[in-house]
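Dear colleague,

I am handing over the structure below, and I would be grateful if you could look it over with the notes that follow.

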Amino acid sequence: MHIDSRNVGIVSTNNDRSLSGFWRDLVSDAQTVTIFDELSDARSSDILIIVGAQALSPAEIETILAWKLSSVIFHATEVGRFSVGESDYDLCDLGSSEWFVKGPTTEFPLRYRPLAVEGEATAIFSISKGLRDFPVAVAVSDYKVVAFSEIDAKSIDRSVRNSIREQLVYGGVTPTSPIRVAIAGYGPYGGMGHYHGSAIEATPGLELVAIADPSKERQDSAKAQFPSISTYQNVSEMLSSSDFELIIIATPPSTHFELAKASLTEGKHVIVEKPMCLTVEEVDELQTIAISKGLTLTVHQNRRYDADFLSLRDIIEDGEIGEVFNIETTVGTFEHPCRAWHSDEKVSGGAAYDWGSHHIDWILLLYGESPTEIFATSHKRVWHDVTNVDQMKIGMVFADGREATFIQSEISALRKPKFYIQGTKGTIVGWYKPMVEEQISFPFGYREVHHHFAEAPVELEVAKYVGDNRVVTQKHRPKFTKPFEFHRNIAAHLHFGEEIDVKLSQVRRVIGVLEESQRISTSKEHFYKF
């Protein structure tokens, strides 16, 4: 079921706007979402949701089932008996609380007031109370029954929304024919090729079938880790010899544009590692091809799903620090840069395109628009055996005067915080938390294993002004996140039409900032006005 090609109708018999709003938000990426006043007007819907279903008469329920719609969801909101045809369901109030909802493949917390659904049906979601599981959403052959009377919209984060939607709207169907995926460029055991291969294996609806890499050693490594795949010397050979629908391009940035263009031309959906390419002109050309062929084109912006950024975004969107007017993000340490292609300007595109691809994406997501002015400075003072600069600072000013700064540095002996964000009611700060594993092992004795300082999510401290010269501080732990959310979204998009997370309009904004920052930093102009 492709949700983006379906018309969803919502009928509320009790005029509860909050519950109707819950469903409207849940199916927001449908082709149309219409809230009908009259049941008879909803007949043309592909998916029909009735809120307050217990107010329907037996004749109305019979009429709905006779319409033979793609999907019907009866949302019961009251304690008592609810009958659909010859099936009877007893609904019991379980009380308002934060419940741990269990589904076929996932579990999640939800603050709401569920009703237990007792009757002959297959449980979709259930909750445990005492030592007993109570179904709270059930399915039969041609409809579903969902039962709750209240729900706290703030407890429905992205992952909860996706879990509910996959089971109730998509029907919990695992596609019988998975999307066949190929990877261009393979980094083994922790590299991006291995990462994407592992993500594909863990994501229902995707299947890894091929990998292209010029290194025989990396091909052998890929084959050892994913035995069923085919391996190729180059992407051109893989495009002509292997049967797949989606390609993930995980090669150095300077190669992204040509490989993406060739793949789109051959009719493949394309995911590109960040950055998509090095210029806005290249983004536009790829977008033109993708649109003309009806293909999906996006970028693996995996840091959007980092636990600390998700928490940060929630804090800001909930208005805890008021209107945000200054965002500062930093990544850096004092050590020799990576000696691989990351530090070669001709291959990487320059220092701006590395961590800047993530941090600039964060900033533009939080502000929701592109800057009107950019300032950029750089230093080449210590590491002269690599061609990327040692430090780059990108400053941005937006149309209404809001500002943002990103710093990437290989010469920062004392780190600045990862996040420093000011709003009209308070400030957020998040300090990096380097991870060190201490080990005692024979015959080496005491050892320390140091992980990259930027991998661990940071704890956020929120300081809010409460009047009378008083500031109150709170600690926010990173949100719980599931791995491979990007890949789940891609699978749901290609199979069911779910709205894609990383949109080309957003990608274009990020590349625009990176391109101009790199240019004016290199030319020493230092300033650019759009």
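**Sheet pairing**

Val181 stands opposite Leu246 of S15, a position within the pairing of strand S12 (residues 179-184) with strand S15 (residues 246-249), which runs in the parallel sense over four bridges. Strands here are DSSP runs of type E with at least two residues, helices are DSSP runs of type H or I with at least four residues, and both are numbered from the N terminus; two strands pair if DSSP finds at least two bridges between them.

Please keep in mind that this is a predicted model, in which local features need pLDDT of at least 70 and side-chain atom pairs count only at pLDDT 80 or more, while totals for chains, interfaces and linings use all residues. Residues are numbered from 1 along each chain as its sequence is written, and side-chain values use heavy atoms, with hydrogens and water left out.

The two strands belong to an open sheet of six strands with parallel pairing, in the order S14-S13-S12-S15-S16-S17. Its edges are strand S14 (230-232) and strand S17 (297-300), each of which pairs on one side only. On average, neighbouring strands of this sheet are turned by 25° against each other, direction ignored; axes are lines fitted to C-alpha atoms, for helices over the stretch in contact, and angles run from 0 to 180 degrees between N-to-C directions.

**Salt bridges**

The structure holds 35 salt bridges, where a salt bridge is a side-chain nitrogen of Lys or Arg within 4 Å of a carboxyl oxygen of Asp or Glu. One of them joins Arg113 to Asp93, with the closest N and O atoms 2.8 Å apart. This pair links distant parts of the chain, since Arg113 is in strand S8 (residues 107-118) and Asp93 in strand S6 (residues 87-93), 20 residues apart. Arg113, at 26% relative accessibility, counts as partly exposed, and Asp93 is partly exposed with a relative accessible area of 33%; buried means under 20% relative accessible area, exposed over 50%, and partly exposed in between, for a 1.4 Å probe and protein chains only.

Another salt bridge is formed by the side chains of Asp284 and Arg508, at 2.7 Å from N to O. Asp284 lies in helix H8 (residues 280-293) and Arg508 in helix H13, so the pair ties together parts that are 224 residues apart in sequence. Asp284 is partly exposed at 26% relative accessible area, and Arg508 is partly exposed at 37%.

The side chains of Arg165 and Glu498 also meet in a salt bridge, at 3.2 Å from N to O. Here too the pair links distant parts of the chain, with Arg165 in helix H3 (residues 158-168) and Glu498 in the loop between helix H12 (485-496) and helix H13 (504-523), 333 residues apart. Both Arg165 and Glu498 are buried. They take part in a network of salt bridges that links Asp29, Arg158, Arg165, Glu166, Glu485, Arg488, Glu498 and Asp501.

**Helices H3 and H12**

Two packed helices are described by the angle between their axes and the distance between the axes. The axes of H3 and H12 come within 12 Å and cross at roughly 35°. On the H3 side the contact is made by Arg158, Asn162 and Glu166, and on the H12 side by Glu485, Arg488 and Asn489, contact meaning heavy atoms within 4.5 Å.

**Backbone details and cysteines**

A cis peptide bond joins Lys274 and Pro275, with omega about -10°, and Pro275 lies in the loop between strand S16 (269-273) and H8. A cis peptide bond also joins Phe442 and Pro443, with omega about 5°, and Pro443 is found in the loop between strand S24 (436-441) and strand S25 (445-450).

Lys68, a residue other than glycine, has a positive phi near 55°; Lys68 is found in the loop between helix H2 (58-66) and strand S4 (71-76), and at 68% relative accessibility it counts as exposed. Asn469 has a positive phi of about 60° although it is not a glycine, and Asn469 is exposed, with a relative accessible area of 75%.

With a disulfide taken as a pair of cysteine sulfur atoms within 2.5 Å, the count comes to zero disulfides. Cys277 is buried, at 1% relative accessible area, whereas Cys92 is partly exposed, at 37%.
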